[in-house]
Amino acid sequence: MHPTDDVLNEFVEETLGATERAEVEQHLASCAPCRATVDDLREIRAVAKTLEFREPPARAWSRLERAIKLEQEHLTQSAQSPQSQLTPRSRRSLREISVWLAAAAAVVIAVGIGYRVLPRGTTTSAPVASTAPANDAAASVSVEAELKAAEEHYQKAITGLEQIANAGKGSLDTQTASTLQKNLSVIDQAINESRAAVRAQPTSEPAQQSLLESFKAKLALLQDTVALINEMRKGNDAGAARIGSGLRQKG
Amino acid sequence: MDPDVEAFETMYREHSPRIYSMACRMAGSPQDGEDLLQEIFLQAYRKMASFKGESSLGTWLYRLALNHCLDYVRSRRAKMNKLTETLDAEHSVEPTAARQTPIAKLDLDRAIERLPDGCREAFVLHDIEGFDHKQVGELLGIAEGTSKSQVFKARMKLRAMLV
């Protein structure tokens, strides 16, 4: 008889008592499938311990730097001007006008964060599992409404970033501009196809997820573009090269 | 550049790979990992003044990052309205042909992203981040035995993906 999962697990983790361990070893000596399982589990465990760190994408620091600057400016403005008497919402509006470029990036971050917490495969905060048909129908309406809201948020952020990117495209070299255009076309096609899939099957979770992921991809690409334009305008060749290289790798 | 931001960038360059890796693996996607990285370092920037040097900067940052990832996991779990993954019996031992090639790190890293949330979180904390089952249980708010089962389930699923 094969050892139970629990016993096998403890054997692999080397937490079994001496007697049980000896029993498993005796079984393994004559059971090739169990031996193969143990070998594989040990290897997975060993390789997992040696996984390397991943380097974050180059745009991650640019995003963070913009968010920090935005926050610094907000703190300075709040401390120095009569705007500190305004409501937080009013202060935010004024800040967004004064640092429009940075604010557009922050919108992207906010949208990304806002929708990131939605579980993959669904966009609703309603319970996923429901037994009553009436609840299913309500959840379905809720999913569609939230998807629509998410799409509007994404579209708003995309429109803002597109305006910035289009205005600054002259700063980009021909090859980079062409790569960006090609990538944007591919993503736009994915968005159109996902939209068609959602229209055909409004409650299909993969279709909804695909649409949201496509929007997210477009946001990330536009954000990279804006970061690249910013670096070039600042004359930061190293920063621009880092972002440009990332863009070309995606192309 | 603002000297504070410059110093912060130096810290970011040094520590972001470790934190980004954990965030990606806990979240199960590079996109979500990047958002988490952003939030973690923004929070670190805000809290920098409260860092008293009682531990190393790396330890302080890692703790902050871990807590943030766990908040994310709890939030996602609440939205999914399920506290733990259902423990099924699909991982009973079945005869399988032995693999001829060793497991590549890159393949394993990619396969981890495809694991169900519950068992991936336990696997990442136990097998990659090095916490024991008791600690994993405390971090994830599950029983120690559940941590063991989830990690085993994750390994078996990874095995099925990588064979």
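Which elements run along chain B from the N terminus on? They read α-α-α-α-α-α-α.

## Model and confidence

This is a predicted model, in which local features need pLDDT of at least 70, side-chain atom pairs count only at pLDDT 80 or more, and totals for chains, interfaces and linings use all residues. Residues are numbered from 1 along each chain as its sequence is written, while chains are lettered from A and ligands numbered from 1 in the order in which they are written.

The model scores ipTM 0.86 and pTM 0.60. Chain B has a mean pLDDT of 87, with 87% of its residues at 70 or more. Here pLDDT is the predictor's confidence in each residue, from 0 to 100. One stretch of chain B, residues 82–93, stays under 50. The model has 21 contacts beyond four places in sequence for that stretch. Two residues are in contact if their C-beta atoms, placed from the backbone, lie within 7 Å. Where pLDDT is low, the predicted coordinates should not be read in detail.

## The two chains

Chain B holds seven helices and zero strands. Chain A holds ten helices and zero strands, in the order α-α-α-α-α-α-α-α-α-α from the N terminus. Both element types are DSSP runs numbered from the N terminus: helices are H or I, at least four residues, and strands are E, at least two.

Of the 163 residues in chain B, 40% are buried. In chain A, 31% of the 251 residues are buried. A residue is buried if 20 or more other C-beta atoms lie within 10 Å of its own, exposed if 12 or fewer, and partly exposed in between, with C-beta atoms placed from the backbone. Among contacts in chain B between residues at least 6 apart in sequence, 63% join residues at least 24 apart. For chain A, contacts with a separation of 6 or more are 63% between residues 24 or more positions apart.

Helix α8 of chain A covers residues 174–200, 27 residues in total. From first C-alpha to last it reaches 39 Å, close to the 39 Å expected at 1.5 Å a residue. The expected span is 1.5 Å times one less than the number of residues. Its buried residues are A:T176, A:L180, A:I187, A:I191, A:S194 and A:V198.

A:E14 lies in the loop between α1 (5–12) and α2 (18–30) of chain A. Its phi is near 60°, a positive value in a residue other than glycine. Most residues other than glycine have a negative phi. A:E14 is exposed, with 8 other C-beta atoms within 10 Å.

## Packing around α7 of chain B

Within chain B, α5 (residues 117–128) and α7 (residues 144–162) pack at about 100°, with axes 8 Å apart. Axes are lines fitted to C-alpha atoms, for helices over the stretch in contact, and angles run from 0 to 180 degrees between N-to-C directions. The pair is therefore roughly perpendicular, a label for angles of 65 to 115 degrees. Contact residues include B:F123 and B:H126 of α5(B), and B:V151 and B:A154 of α7(B).

Helix α7(B) also meets chain A. Its axis and that of α3(A) (residues 32–49) come within 10 Å and cross at roughly 100°. These two helices are therefore roughly perpendicular as well. A:D40, A:L41, A:I44 and A:R45 of α3(A) contact B:R155, B:L158 and B:R159 of α7(B).

Notes:
Parallel < 35°, antiparallel > 145°, perpendicular 65-115°, else oblique.
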